[in-house]
Amino acid sequence: MKKTIRDIDVKGKKVLVRCDFNVPQDENGNITDTRRIEGAIPTIKYLVEQNAKVILCSHLGRPKGEVKKEFSLAPVQKELSKELGREVKLAEDIIRRKC
């Protein structure tokens, strides 16, 4: 039988969730289809109910190793905050690149 998140003890633990938030956007950066975000909401809510510290990771587009504003997950963060009714923080830089 396939396990789900409900089969694992996540109470009070840090949980890293890989999400597919590679959502389509218009030329102004507005999300045009929120289904991928909506699909992650039940899992996120369950983890929060279990008092887990939830860390979501995803990507947007294919920046080929470069930092490009148009590939920011800020619009996704805004939509998640709205859908969850609570603030979702966005890590601006998780990898410090040295030249």
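Is arginine 36 buried, exposed or partly exposed? At 42% relative accessibility, arginine 36 counts as partly exposed, where buried means under 20% relative accessible area, exposed over 50%, and partly exposed in between (1.4 Å probe, protein chains only). The legends below describe a predicted model, in which local features need pLDDT of at least 70, side-chain atom pairs count only at pLDDT 80 or more, and totals for chains, interfaces and linings use all residues. Residues are numbered from 1 along each chain as its sequence is written, and side-chain values use heavy atoms, with hydrogens and water left out.

**View 1. Overview of the protein chain.** The protein chain contains 2 helices and 2 strands, and along the sequence these follow the pattern β-α-β-α. Helices (H or I, at least four residues) and strands (E, at least two) are DSSP runs, numbered from the N terminus. Of the 99 residues in the chain, 23% are buried. The chain exposes about 8,000 Å², of which carbon and sulfur atoms supply 49%; accessible areas come from the Shrake-Rupley method with a 1.4 Å probe, and for residues only the protein chains shown count as cover. Among contacts (heavy atoms within 4.5 Å) between residues at least 6 apart in sequence, 64% join residues at least 24 apart.

**View 2. The largest nonpolar core.** A nonpolar core is a set of buried Ala, Val, Leu, Ile, Met, Phe, Trp, Tyr and Cys residues joined through side-chain atoms within 4.5 Å. The largest one has 19 residues, and Phe21, Ile37, Leu47, Val76 and Leu80 touch the most other members. Strand E1 (14–18), H1 and H2 each supply at least two residues of this core. The greatest contribution comes from H1, with 6 residues.

**View 3. Helix H2 and its surroundings.** Helix H2 spans residues 74–84, and its buried residues are Val76, Glu79, Leu80, Ser81 and Leu84. These buried residues pack against helix H1 (35–49) and strand E2 (53–57). Leaving aside residues up to four places away in sequence, leucine 80 touches Phe21, Ile37, Ile41, Ile44, Leu56 and Val88. After H2 comes glycine 85, which has a positive phi, near 70°.

**View 4. The salt bridge between arginine 36 and aspartate 20.** The structure holds 3 salt bridges, each defined as a side-chain nitrogen of Lys or Arg within 4 Å of a carboxyl oxygen of Asp or Glu. In the one between arginine 36 and aspartate 20, the closest N and O atoms are 3.3 Å apart. This pair links distant parts of the chain, with arginine 36 in helix H1 and aspartate 20 in the loop between E1 and H1, 16 residues apart. Aspartate 20 is partly exposed, with a relative accessible area of 42%.

**View 5. The salt bridge between aspartate 33 and arginine 35.** The side chains of aspartate 33 and arginine 35 meet at 2.5 Å, N to O. Aspartate 33 is partly exposed, at 23% relative accessibility, whereas arginine 35 is exposed, with a relative accessible area of 61%.

**View 6. The salt bridge between lysine 82 and glutamate 79.** The closest N and O atoms of lysine 82 and glutamate 79 are 3.5 Å apart. Because the two residues are 3 residues apart in helix H2, about one helical turn separates lysine 82 from glutamate 79. An α-helix has 3.6 residues a turn, so residues three or four places apart point the same way. Lysine 82 is exposed, with a relative accessible area of 60%, while glutamate 79 is buried, at 13% relative accessibility.
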